[in-house]
Amino acid sequence: MQEFEVVEVASKAFSDQKPGTSGLRKKVQVFQQEHYLENFVQSFLNVVLKDEPRLIVIGGDGRFFNLDAIQTIVEIAVANEVPQLLIARDGILSTPAASHWIRKYQADAGIILSASHNPAGENGDFGIKFNGANGAPAPEALTTAVFETSKSISSYKRAKIEALDLTHDQDILLNHTHVVIRDGIEDYVHHMAALFDFDALRDGFESKQISILFDAMNAVTGPYAKRLFLDALGADETSVINAEAKADFGGGHPDPNLVHAAELVAQMNTADAPVLGAASDGDGDRNLILGKQQFVSPSDSLAVLLEHHKLLPQFSEGILGVARSMPTSTAVDRVAESLGIDCYETPTGWKFFGNLLDDKRIQLCGEESFGTGSDHVREKDGLWAVLAWLTIVNSLNKPVAQIMSEHWQRFGRSYYCRYDFEGIASDSADEMITALTKSVTSLADQTFGNYQVKRADIFEYTDPVDASEAKNQGVRVFFTDGSRVVYRLSGTGTVGATLRVYLEQYQDASGDLQGDAQVVTQELAEVALTIAKVNEFSGRTTPDVIT
Ligand code: G6P
Ligand code: ZN
């Protein structure tokens, strides 16, 4: 057994360790500062050690600084005598796979190193997020407690151990801590095999009824996708692209949307495109679904999954309920209504689904921000969504475009677009939201072009399970024709503020259902920018990204 010393290191507290929508995200250089990561990890342990955790899961999306961070975390956890650490081989563990591990091995917590879809590399972003014993992102109470602790921490414990070799599975005993290193992919693949009918999918690939082009965007899902689509399902070798998990994500921006997955989108627009095109993000929890010359908006994707849920083996007996984040379109609400099941509206952030899933109020949920998932884990799950779509396409034996048009003919269509204004000075963005918030009560009945405001409000949420409250979750403006605009500031950026403007324009089944969403929502967008005085406050007239 390795002999080592445990030291108590004096440090100085940082004031900026407040986690955002999904963990603490900062530039790599910020995390590289002396004591920065150490303080944060010790603060987390100070909070959770009170409950005497037995096992903590550790892994990340493979980005630059991932392995260094894992070594640091292990040194601190060993010094704090955490009994067991389950660490992913090569440090590679997607966010949904981490959630699965926590649940499967009944871990008490997980530490996931990722800044999701934010660019990686020496000058990119890094992040750390905590999950609880149910596998879900830590609730607000826990992250707040960690933040409060971090503001006054003055020292941390560190074990002076040798650098861990994470390249192969092994068990190491370090005093009171049992360190277990295992492949972070295999259990996840088994879980998917238990949820889906792999024989039927294999037959579909063999008979060429289905085919796929999956873009792993040089991030964590590459090795997962190869084992799933190529090894387990027998898809053609060329079906997975950008499949190597690179430390700098190949210099790209692994956000699976129409702008950043341009290579995939171009290929799906060619005559010989496969049946399904898909992509995932840096840490594997987001998904983009495309058909041949057909984009499926995340809001519509959720609605279609619910419409055809009986084709998914896990819901063959029916489904208890669904949820969507508030800015997500109301497409899924209409399907839920037709099925007579509950549809919950939550604030942005996957953590708000956790209680609803645990309480069995819902089994399927999703967000406009390219997140879809079910009760099989407590994170959104990019590859699960792709397998669900493959199953539906295989069972219906129809092109994606036809599945979409049949859905709209039945339920009408929520034309949907999101405008992002990035890098706005934080003060200006705050002033804009404050002014907008103040104007909410006077907006009713005002007319802007062809749009008359019906009502406006600030979205608030009371969790139906534990009665916890979330205030100020975005400004909503509803119009008399059924359209809606939502404004909120992003909680995941690392530079300045990002304003998100969400546009939804409903068209019932009697009208044109095949329009271009960006064109259809254009006038509504102009109205939205006028109402919030975006130009006045930010000096901006055009968004950086439209999805
Ligand atoms: C992360 C969370 C999602 C959330 C998204 C919102 O991806 O996991 O649940 O929807 O952030 O990001 P934003 O930048 O809009 O706060
Ligand atoms: Zn992500």
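**Exercise 1: A surface pair**

Decide whether Glu460 is buried, partly exposed or exposed, given its relative accessible area of 46%, and then find its salt-bridge partner.

*Solution.* Keep in mind that this is a predicted model.
- Step 1: Buried means under 20% and exposed means over 50%. Glu460, at 46%, falls in between, so Glu460 is partly exposed.
- Step 2: Now look for the partner. Glu460 and Lys471 meet through their side chains in a salt bridge, with 3.8 Å from N to O.
- Step 3: Glu460 sits in the loop between strand 21 (451-458) and strand 22 (461-462), while Lys471 sits in the loop between strand 23 (469-470) and strand 24 (475-479), so the bridge ties together parts 11 residues apart in sequence.

**Exercise 2: A glutamate with two partners**

Which parts of the chain does Glu345 tie together through its salt bridges with Arg324 and Arg484?

- Step 1: Between Arg324 and Glu345, the closest N and O atoms are 3.2 Å apart. Arg324 belongs to strand 15 (residues 321-325) and Glu345 to strand 16 (residues 342-346), so this pair links distant parts of the chain, 21 residues apart.
- Step 2: Glu345 also meets Arg484 in a salt bridge, at 3.9 Å from N to O. Arg484 is in strand 25 (residues 484-489) and Glu345 is in strand 16, so parts 139 residues apart in sequence are tied together.
- Step 3: Compare with the cut-off of 20% for buried. Arg324 has 3% and so counts as buried; Arg484 is buried because its value is 5%. Glu345, at 25%, counts as partly exposed.
- Step 4: Step back and take in the wider picture. Arg324, Glu345 and Arg484 belong to a network of salt bridges that also includes Asp333, Arg455, Asp457, Arg476 and Glu504. The structure holds 31 salt bridges.

**Exercise 3: Rings that meet**

How are the rings of Phe14 and Tyr36 arranged, and where in the chain do these residues lie?

*Solution.* A pair of aromatic rings is described by the distance of the centres and the angle of the planes.
- Step 1: The structure holds 14 aromatic pairs. In the pair of Phe14 and Tyr36, the centres are 4.7 Å apart and the planes stand at 65°, so the pair is edge-to-face.
- Step 2: Phe14 lies in the loop between strand 1 (6-10) and strand 2 (24-27), and Tyr36 lies in helix 2 (residues 36-48), which places them 22 residues apart.
- Step 3: Phe14 is buried, at 14%, and Tyr36 is buried as well, at 0%.
- Step 4: Ring pairs join Phe14 and Tyr36 with Phe31, Phe65 and Phe126 in a cluster. Lys12 lies over the face of Phe14, 5.2 Å from the ring centre.

**Exercise 4: A metal site**

Which residues coordinate the zinc ion (ligand 2), and what kind of site do they form?

*Solution.* 
- Step 1: List the donors. Ser116 gives OG, and Asp281, Asp283 and Asp285 each give OD, at 2.0 to 2.1 Å.
- Step 2: Turn to the angles. Among the four donor atoms they run from 87 to 165°, and the site is irregular.
- Step 3: Read the spacing along the sequence: S-x164-D-x1-D-x1-D.
- Step 4: Finish with accessibility. Asp281, at 0%, counts as buried, and so does Asp285, at 3%.

Note on methods:
Residues are numbered from 1 along each chain as its sequence is written. Chains are lettered from A and ligands numbered from 1 in the order in which they are written. This is a predicted model: local features need pLDDT of at least 70, side-chain atom pairs count only at pLDDT 80 or more; totals for chains, interfaces and linings use all residues. Side-chain values use heavy atoms; hydrogens and water are left out. Donors are N, O and S atoms within 2.8 Å of the metal (3.2 Å for Na, K and Ca); water is not among the atoms, so sites may look incomplete. Four donors count as tetrahedral if all angles lie between 85 and 135 degrees; four count as square planar and six as octahedral if opposite donors are over 155 degrees apart and all others between 65 and 115; anything else is irregular. Buried means under 20% relative accessible area, exposed over 50%, partly exposed in between (1.4 Å probe, protein chains only). Rings of Phe, Tyr and Trp (its six-membered ring) pair if their centres lie within 6.5 Å; planes under 30 degrees apart count as stacked, over 60 as edge-to-face and the rest as tilted. Helices (H or I, at least four residues) and strands (E, at least two) are DSSP runs, numbered from the N terminus. A charge sits over a ring if NZ of Lys or CZ of Arg is within 6 Å of the ring centre and within 35 degrees of the ring normal. A salt bridge is a side-chain nitrogen of Lys or Arg within 4 Å of a carboxyl oxygen of Asp or Glu.
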